[in-house]
Amino acid sequence: MLKIEIDGKAVEVDHGTTIIDAADKLGVAIPRFCYHKKLSVAANCRMCLVDVEKFGKPLPACATPVAEGMKIFTRSKAAVEAQNSVMDFLLINHPLDCPICDQGGECDLQDIAVGYGASGSRYTEEKRVVFNKNIGPLISTDMTRCIQCTRCVRFLKEVGGMQELGMVGRGEHAEITAYVDQSVNSELSGNIIDLCPVGALTNKPFRYSARSWELTRRPSIAPHDSLGSHIEVHVKDNKVMRVLPREKESINECWLSDRDRFSYEGLNSPDRLKVPMIKHHGEWQETDWKTALEYAAGQLKDITNEHSSDALGALVSPNSTMEEGYLIKELVHGLGCGNIDYRLRQTDFRLDGKRVGTPWMGCNIDEIEKLDRILIIGSNLRNEHPLLAQRFRKAVDNGAELSIISPLDNNPLMDIAHKIIVTPNDIVNVLAQILKAMSKLQKLSLCLPPTLSALLEQIHVRPNTEAMAESLAGLGRNVNLIAPRVGIFLGNMALSAPRFTEMYSLAEAIGGVSGAKGGILPAAANSTGMHLVGVMPSATGMHARAMLEVPRKAYLLLNIEPELDCQHAALASAAMKKADCVVALTAYKSKALDNATVLLPIAPFTETSGTFMSMEGRIQSFKAVVKPLGECRPAWKVLRVLANTLGLQGFDFDSSEEVKDKIFDGEKPSDYAWRHLNNNMKELVEIETKIKSPGLQRVGEVPQYEADPIVRRSEPLRKTKYNIKRLVRIHPDEMRLHELIEGDLVLVKQDKGSAILPVRSDTHVAMGCVRVAAAHEDTLGLGDLMGDISIEKISQEQADAIKANEMEALS
Amino acid sequence: MATSKTTTSKMTAPVMTDLKGQTLVTLQTLKEKNPASLATYEKLGGYQQLKRLVTDKVKAIEVINEVKVSGLRGRGGAGFPTGLKWSFMPRYFDGTKYLVCNTDEGEPGTFKDRDIIRYNPHQLIEGMAIAAYTLGAGVGYNYIHGEIWREYEIFEEALAEARAAGYIGKNLFGTNFSFELYAVHGYGAYICGEETALIESIEGKKGQPRFKPPFPASYGVFGKPTNVNNTESYTSIPWILQYGGQAFADLGVAGSGGSKLFSVSGHVEKPGNYEVNMGMPFAELLEMAGGIWKGRKLKAVIPGGPSTAVMPAEAILGATMDYNGLSKAGSSLGAGSMIVMDETTCMVKTLKRLSYFFYEESCGQCTPCREGTGWVYRVIKRITDGNGKMEDLDLLTDVSNNISGRTICALGDAAATPVLSFIKHFRPEFEYYIQHGKSMVDGK
Amino acid sequence: MLSVEAIEKIEYELTKYPIDQRQAAVMSALRIVQTERGWLSQESISEVAAYLGIPDIAALEVATFYNMYDTEPVGKYKITVCTNISCMLRDSDSIVHHLQEKLGIGFNEITADGQFCLKEGECMGACGGAPLMSVNNATMHENLTTDRVDEILKELK
Ligand SMILES: Cc1cc2nc3c(=O)[nH]c(=O)nc-3n(C[C@H](O)[C@H](O)[C@H](O)COP(=O)(O)O)c2cc1C
Ligand code: SF4
Ligand code: FES
């Protein structure tokens, strides 16, 4: 520890601490523009100059490490002179038009100028003008305002993982820009808006819609992925105007993914359902709540009475709250039915009943960056968990070795030590090889259950798998570690694979022999919470997939658009079409709900209170930030009244908090969670390593801006390059085998359904695979995200003919 | 041959200076017929010092001590004692350490390193190899100013010769000492003369200086320990080891060991490089350069490149050419780039050109330099355009003071120095320009 | 597409650096491509970036930072006259005037026939030979007089 003094106050700090960090610790304000605690130190703005005893010239506080006995003065004459002069320089080329600047009122330059600037400028020459750049639909630029602090450049390179902005030119002509006419594509790009200390980079969708002082700021939790990012929702006139991160070091630090930042535009979509609706003779009619609820209850009752309670199926969005999940489960159970599930994008349910507890990521989010060896199985990380990817990037920057097993060779924008790109089916075999190699390396094969040991005997370990196993065991490319901290994680693609259970079991076993932490990376905001409250089939009930394969007479839908949110789009739409009654609790009118019978308008997360449980098992409650739109009601209330209308008992909750208390039954939520989170299996499942995928396999992922009903409707996100028309992507070698060339039309067939799409060659797709993204109307005819698929080249005429036939069949 | 076939260029007539009265250390081959050839250098004992150190396994500390005794101070401008700098290099390091030679001379009036490459490239190579041996560096780069393209080619050719002769490369002289040396080039940025900007440039980036600390000795090329010296500094090393540090020190005066290459340009009869003993009276050096041209009178001299203060004739005429001598006289030795101005020189216009240079060459990274150099230039331009105000002189002084000492690298200080010294010594000329809208000197 | 010759030269430059430091060769790679094509178009810069496996913007930063890269066309012969102090003291102005008159263009302009372009240069590190100019970044002509300039122009044509 070093003893120093800042402005006469003594403080002890660690070796290597900079003056600015020491001052921040003491609460002494030092002005700054370029310095940011999460970015590398550039020391270029010179705003933080301070006076240090025995130094002839002022030193930048951000870049100067303290030394024992240092006496620092932040407001001495020399310091103030230096600060004034830097401010003077910064303002000579900065437009002084705060009243029309979108940053006005929340501008660091404005604030610091008031505190540290001189009263007037002596600069009478012409000011520099810099042309604006179009860097995409999310960020507006006003580059004349830029003060060249390079925070944006450093963020995209260091945190985002790819240099997308740069400072071109030199001296006074230097400008921040993307490469000629390119946009900034990082899925974390919005953070540069927060980082920009002036009004050079501003929020494009928000632009000019409000001044900062007109906004009310309310805390909430991000609703799209399972990270549980803390957000601050800015509201004006009962409308969500923008979303910003709320600093939470252990979760989202000070960042936010673009999905969580810009999805709010979907809340204000014209698609919002504002009043209850009932379908009468094929026509939608608006109605009041009482009528709608009675109608829905009557229908559900009639069908369950007429057939059996089993005739009902409930499909629940994993983005709904724990309270909502709990109530719908109770309601369905109350009707004597066990058909309920939130795992809409899963096909393999063989693990049901074999788990000890609720699956989770198996460690804390902030532990990731401290891992030494990481294995990620079946995840397109940046697409699934954009901000979490950044933690892995930090780990890799800190020297961790990353191994990837996936059907997609997507660039995670970090160094990959080992990767194996194979079909979803072959992942099982690769994992078995790793287990075998690992158990040899660790000499722990004895610990494996005999069935597994027997299985491994037939496995032949290939060199690349061996190398991966060695890395996990601690033998590194650069450093060998005796006891590496290992993390093993399964992503969305693994979760929706037909052989998920086997992958999971093998990953568990590998984790066992390598002492790894890890688990699954749950897809949605409340996947973990839904499992915890038991939104899953009862012992005799049907899981999400079975409910579609063997269609039910009636469906109760919570917060989903069936064809877009279920794994098997074709099955989902057929089932809805066939059902006698579909009661949908939804925030949106949508084509995907055309086959519903009753639409009950519910409040999205901003208009209701509730609780999400994150991937790390953190239970986070939030309150409504605005009043529900129109006649919308919080889903927990709707479910309560629906249950009452159905004549069910035990639904007398007056607030979501009461529901929450009921869920945790008086126990402290974190204790409760701690008791239940567990990735272990009660018994081993059967693993088959000899299965070969006979034909082509589909690799379908859900593009990040299509993940759920809200984000799907965010116009600015739709305009980004991620929102592309669906294509069939195939490895060029595979294309050659099928005699395809780029741009050919192909008829893609899966189960009984099909789609006609253009082909694109893509070296990032495993051989034997066809990559077709889901959750889009172009691919509604297709089936599982992962599964058998066939392709057939067709001509434009053939395509037209097929389409004409379809149209005919429809009318 | 490994040299670039990229661009062909013709060698123009060399600036052959009169050798009388000079002490040839770094340009010792100039006495010979074919100065740049390996044979010439070998004839003068070339590469023998390297061979001796490497094969006798002479301890690094001995070499460093010899360099310390020599009193050699860095010839790149800052004058930092070379022996001391070498002692900062970490002895043990797991990985490659680097050696960098700074031949990016772009400071106006400086052109000495070019002649070293032209006339004595092998002594530079040997100097670098000795430094590499002493500092344990495995790879070296010589960063050559982009504009002197022919010299880049000459150096590539010399490297090929040295490599073929076994003076650089793997397992030199059958020992386990290996040293790879490469030529790299700038492409038009004065700032790359600053050592950390130069390092960034070697890494293929913009030449934006790094904040120091950390210094290159701990975080240099590719983040590895790196020693940076000027061309002339390295080139002095073989001589120092051949004749002894004391012999080198004895050439000069207290505080300034050795001889030094002075680049003399501007209003003299015979511009060119003169290698003379440190401490030579200015008047003698001026005479060597043929005196002021056209029989005119001396008005002022910038003794070490524009980053050193301008000196009026009275001040420089009594000064000696060494670190202490010039600093006593109110300026500094810098890189030894004497820019001589005769009585017809308009100091206002000269300052405008210099200010334009710093404005154009600021890397743009840090605020005071990026914004301040443009501000200064514009105000001076306003004066030469006839729109100056008396307050402008204080403004110029003030803005320059605000740049100085507050920037990441010394370019900020360098930019302020001419403004402050020109106004200090020639204020009446500036006032006249402001009052009359034209120059006191040429009436235009 | 980069020419075979350019790639060969870039590969030679790459041998100077550790294998994981391909960006280091960007200075020479840009120079090589510029020498071959006369100037650096957007496409040329992207091609260099792609070859080295660095972001386009990183190559653009370099191409726009250093004076001797031309990101606009410069005609067949780019003549750069140094006007910095040592040259100025030895009347580089007269050389500039002479060139401008003779070629009928100002700084940063190209003659109608696309033959010549005139640039103002900063110190080239050759002040002993002032006044001076450089042709196509490669050939330095020192101790210029107006007559010598005429000769050089004649040789170039
Ligand atoms: C703006 C600026 C330009 C410089 N230009 C040069 C140069 O052209 N050549 C040089 O050797 N050193 C130059 N230097 C000094 C170098 O940073 C460094 O101190 C020197 O190369 C160290 O070598 P030495 O110790 O042998 O002098 C410059 C410094 C600054 C701040
Ligand atoms: S002083 Fe000038 S040249 Fe040096 S880092 Fe700052 S802006 Fe760049
Ligand atoms: S905050 Fe220290 S220089 Fe910018």
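Biologist: Where in chain A is Asp181(A) found?

Modeller: Asp181(A) sits in the loop between strand S8 (175–178) and helix H5 (191–195) of chain A; helices (H or I, at least four residues) and strands (E, at least two) are DSSP runs, numbered from the N terminus. This is a predicted model in which local features need pLDDT of at least 70 and side-chain atom pairs count only at pLDDT 80 or more, while totals for chains, interfaces and linings use all residues. Residues are numbered from 1 along each chain as its sequence is written, chains are lettered from A and ligands numbered from 1 in the order in which they are written, and side-chain values use heavy atoms, with hydrogens and water left out.

Biologist: What makes Asp181(A) count as buried or exposed?

Modeller: Its relative accessibility is 74%. Buried means under 20% relative accessible area, exposed over 50%, and partly exposed in between (1.4 Å probe, protein chains only). Asp181(A) therefore counts as exposed. Asp181(A) also has a positive phi of about 65°, although it is not a glycine.

Biologist: How do you know whether Thr150(A) is buried or exposed?

Modeller: Thr150(A) has 14% relative accessibility, so it counts as buried. Its phi is near 65°, a positive value in a residue other than glycine. Thr150(A) lies in the loop between strand S6 (139–141) and helix H4 (151–159) of chain A.

Biologist: Which residues is His531(A) in contact with, leaving aside its neighbours within four places in sequence?

Modeller: Contact means heavy atoms within 4.5 Å. The partners of His531(A) on that basis include Tyr342(A), Arg355(A) and Met536(A). His531(A) and Arg343(A) are 188 residues apart in sequence and 9.1 Å apart in space, C-alpha to C-alpha.

Biologist: What makes Arg427(B) buried, exposed or partly exposed?

Modeller: Arg427(B) has 29% relative accessibility, so it counts as partly exposed. Arg427(B) is in helix H17 (residues 411–436) of chain B. Beyond its neighbours within four places in sequence, Arg427(B) is in contact with Leu393(B), Asp394(B) and Phe422(B).

Biologist: How do you know which residues surround ligand 2?

Modeller: A residue is near a molecule or strand if one of its heavy atoms lies within 4 Å of it. For ligand 2 there are 13 such residues, and among the closest are Cys363(B), Cys366(B) and Cys369(B).

Biologist: How many nonpolar, polar and charged residues are in the shell around ligand 2?

Modeller: It has 8 nonpolar, 5 polar and no charged residues. Ala, Val, Leu, Ile, Met, Phe, Trp, Tyr, Cys and Pro count as nonpolar, Asp, Glu, Lys and Arg as charged, and the others, Gly among them, as polar.

Biologist: What is omega for the peptide bond between Ala130(C) and Pro131(C)?

Modeller: Omega is about -5°, and the bond is cis. Pro131(C) is in the loop between strand S2 (116–121) and strand S3 (133–135) of chain C. The bond from Lys212(B) to Pro213(B) is cis as well, with omega near 0°.

Biologist: How many helices and strands has chain C?

Modeller: Chain C has 7 helices and 4 strands, in the sequence pattern α-α-α-α-β-α-α-β-β-β-α. Buried residues make up 58% of its 157 residues.
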